[in-house]
Amino acid sequence: MLWVKALHIVFVASWFAGLFYLPRIYVNLAMVDPGSIAERGRLLLMARKLLRFTTMLAVPALGLGLWLWLGWGIGRGSGWLHAKLVVVLLAIGYHHACALLLRKFERNADTHGHRWYRWFNEVPVLLLLAAVVLVVVKPF
């Protein structure tokens, strides 16, 4: 079980590293001059590759978490775990929102400015903070 926990933590940290950086690329994309085709293309390529890699990291993170929950019953029946599962669903939703925003950038249909993306970039920090507090402190 300790190996599963350790791997879960590594994959969650790696997944979130991608969720921290991807919106930073969006900030830069939102600031690109319309005539700078090469810069825009390079940032889009970086965003596509990072989203793909981040998705590949999310799958084992979620799978190992499910294994801990179902296989060993960690936290089963505890309020903190139910709250953490809500945080996990919000993180999955944020990941999905990042994918949708990338598609908008690819279609030149994005309507948000770089300041909006700077705030959007803070969401995974709050999600990770909430998850760690719930798991370590177990407030309820």
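A pocket, on a 1 Å grid over the protein atoms alone, is an open set of points where a 1.4 Å probe fits, with protein on both sides within 12 Å along at least five of seven lines; lining residues have an atom within 4 Å of a point. The model is predicted, and local features need pLDDT of at least 70, side-chain atom pairs count only at pLDDT 80 or more, and totals for linings use all residues. Residues are numbered from 1 along each chain, and side-chain values use heavy atoms, without hydrogens and water.

**View 1. The largest pocket and its lining.** The lining has 28 residues, and His8, Val12, Leu68, Lys84 and Val135 lie nearest the pocket centre. The space inside is about 720 Å³. Helices H1 (2–31), H2 (37–72), H3 (79–106) and H5 each supply at least two lining residues; helices are DSSP runs (H or I, at least four residues), numbered from the N terminus. By class, 23 lining residues are nonpolar, two polar and three charged.

View 2. Valine 132 lies in helix H5 (residues 123–137). Because its relative accessible area is 43%, valine 132 is partly exposed (between buried, under 20%, and exposed, over 50%, with a 1.4 Å probe and protein chains only). Together with Leu126, Leu129, Val133, Val135, Val136 and Val137, Val132 makes a nonpolar patch of about 620 Å². Patch residues have over 30% relative accessible area and no salt bridge, with nonpolar side chains joined within 5 Å; a salt bridge is a side-chain nitrogen of Lys or Arg within 4 Å of a carboxyl oxygen of Asp or Glu.

**View 3. Alanine 6 in helix H1.** Alanine 6 counts as partly exposed, at 37% relative accessibility. Its C-alpha atom is separated by 9.6 Å from that of leucine 64, 58 residues apart along the chain.

Terms used
Patches are made of residues with over 30% relative accessible area and no salt bridge: like charges are joined within 9 Å, nonpolar side chains (Val, Leu, Ile, Met, Phe, Trp, Tyr) within 5 Å. Accessible areas come from the Shrake-Rupley method with a 1.4 Å probe; for residues, only the protein chains shown count as cover. Grid points are joined across faces, edges and corners, and a volume is the space filled by probe spheres set on the points. Ala, Val, Leu, Ile, Met, Phe, Trp, Tyr, Cys and Pro count as nonpolar, Asp, Glu, Lys and Arg as charged, and the others, Gly among them, as polar.
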